[in-house]
Amino acid sequence: MRTSPRTSTFQRLSRTLTAAALVAAIPLGTAGAASAASLPQAVTAESAAATSGDNVLRIATSGFVDSFNPFISIYLLPTNSIRYMYESLVQNGQEDGSPTKGLANHWETSTDGKTWTFTLQDNLKWSDDQPITSADVKYTYEQMMTVPDLGTANGNLVQNFESVETPDDKTVVIKLKSSQAPNPGVEIPIVPKHIWEKIDNPADFKNEENVVGSGPFLLKSYKANESITFTANKNFWQGAPKIDGLQYIYYTNSDAQVQALRSGDVDLVAGLTPTQYKALEGAEGVTVHSGEGRRYSSISINPGLKTRTGESFGTGNAALQDKEVRQAIRLGTDTKTLLEKVQDNQGVLATSFIPASFPKWTLSTENPVIQSYDPVAAKKKLEDDGWTVGSDGIREKDGKKLKLRLLVDSEDSTEQSIAEYFKPWMKEIGIDIDVQSSDGDTISTKATEGDYDMYFSGWSVNPDPDYQLGINTCFNLPTKTDGTGGTTQDGYCNEEFDKLYNQQHSEMDETKRQELVQQMLAQNYEDTVQVATWYANGLEAYRSDRFTNFGLMPKEGGIIANQAGYWGFLSVERVEGSTAGGGAVNTGLVVAGVVVGVVVIAGVVVFLLRRRKISDVE
């Protein structure tokens, strides 16, 4: 399943605050003061009631929700939620992500790799007690195969499907157009036919309440920018989870999430910065966790965006269409220093867009294409390419200065820190960087439309590299000049890369396939449409005085949240004798669309007025 490059985006709230409230906004139960802007948004009466249960795990979030529709959703938070709601035919195993049973108990492949036969488990049931049969699988796949809009999220995963046959209720036969190495049963959430076939316009269906599903947790309700509530599925084939449910609670920024964890208003926070992680070490009742993640981060470079038919769009600087310029940017970027100074060495240096957590596929550090930081070589490359240094130290060619825009999220401290290093490094080699700060939503829009030169990107990658490789092919470029109609990682298109993609996709010998993938990643590295910076560790913290037995993925040294599976919360249980926390910070009323947060300080009641952000999905 796709996860968006802008998953770090915080959903913001516009706020109206009295001067007194701005000064006096100190969250209860926390040490030190915080700005009113960092206070968590007050939850509704419904969501507050849901969090009051002792056996509900509360998770802080600021993640963007486009939809909970499994055919459409592309952002990280809803994509992870969909993993909880709908089982796939084949699941990514907890040990190392290898295919393991999901709805299917077992499967077999023909010798030519073109026919895959899956046998469903016995007595599977949807959460509404209706039987899960092969008809549900066929319906799901065929919707994606025949309705373009329903292939938005995962259409490339059925691109090679010739037909889906169901000789009986427990058997699914997928016939492929060509041999396929990746298991075709993974990463596609199967929906209940008896529910979805009654929906008039399934591509427009938000699917945000009382979901009928097959996974461990079911979406009960969603309040945009407030909360997302899940209940445990008693019919889940592995048995109902040991907790009653999950609830994601929205906070305006990550510092507010950390404060909420300290004060007991939430039980788990993921996506911590190294500074936040250090600050939580030793906190009472809190355990911090650093695990090997599945995400890579990069500086995405606009190589001259085009549609699938070759029509140019966007405002990218023409100089970046020159591979030599892009390669010089890589040579002039000291990623080792970035990892050390910005990420506090919580991760490993990146070589490509396949993380080191997948050692079979990641680009080897020994590959001869890998280049170290070398500003002298960067200068020579630009000089040889005709870019001469002007009187101001900035290079120019044909009368045009080498000035590039870098989009930075004004609320993302990591992006701001990288920019502070990156700008002088580029000036050293003769490139002027115009740092343009704005909110993450604006950057997401600009990235889609190609209205950028460079921006900070990143993706959460699945155990098999086929999907991530696929969204770097020419086939997955946008179909429209507004950047929509496709799922492209960096606007990359190289016919040689595409040929290698088709070869690895059909190669049944894993060793040979690994060699092909290495060639592809090396090709992409040399073409330099992005500078991969690091594979960050997943930095998380949870209330260990309340919950225990979180599941990691990979099982040894992995992460709790944002997995390529549902293992993180499947085994979690409440610590015996513990009770739910919760402080005055989350107390609130909603009056005429205005959130009224109540904070009591030295016996004085201070009312904080914050207008709710109008959500795109409401």
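Select Lys401 to begin. Lys401 is partly exposed, at a relative accessible area of 37%. The side chains of Lys401 and Glu396 meet in a salt bridge, 3.2 Å from N to O. (A salt bridge is a side-chain nitrogen of Lys or Arg within 4 Å of a carboxyl oxygen of Asp or Glu.) By this rule the count comes to 24 salt bridges.

A word on the model before moving on. It is predicted, so local features need pLDDT of at least 70 and side-chain atom pairs count only at pLDDT 80 or more, while totals for chains, interfaces and linings use all residues. Residues are numbered from 1 along each chain as its sequence is written, and side-chain values use heavy atoms, leaving out hydrogens and water.

Next, select Asp344 and Lys278. Their side chains form a salt bridge of 3.1 Å, N to O. This pair links distant parts of the chain, 66 residues apart. Asp344 sits in the loop between α9 (335-341) and β14 (347-349), and Lys278 in helix α7 (residues 274-280). (Helices are DSSP runs of H or I with at least four residues, strands are runs of E with at least two, and both are numbered from the N terminus.) Asp344 is partly exposed at 32%, and Lys278 is partly exposed at 49%.

Go to helix α14, residues 495-506. Pick Glu496 and Lys499. Their side chains meet in a salt bridge, 3.6 Å from N to O. How far apart are Glu496 and Lys499 in the helix? They are three residues apart, so about one helical turn separates them. Glu496 is partly exposed at 43%, and Lys499 is partly exposed at 48%. Then select Arg405, Lys446, Asp451 and Asp453. Salt bridges that share partners join these four into one network.

Last stop: strand β20, residues 454-460. Is β20 mostly covered or uncovered? Mostly covered: seven of its seven residues are buried. Met454, Phe456, Gly458 and Ser460 point one way, and Tyr455, Ser457 and Trp459 point the other way.

Now show the strands paired with β20. (Two strands pair if DSSP finds at least two bridges between them.) Strand β13 (residues 295-301) pairs with β20 in the antiparallel sense over seven bridges. Select Ile299: its bridge partner in β20 is Phe456. Strand β18 (residues 403-409) pairs with β20 in the parallel sense over two bridges. Select Leu406: its bridge partner in β20 is Met454.

How values were computed: Buried means under 20% relative accessible area, exposed over 50%, partly exposed in between (1.4 Å probe, protein chains only).
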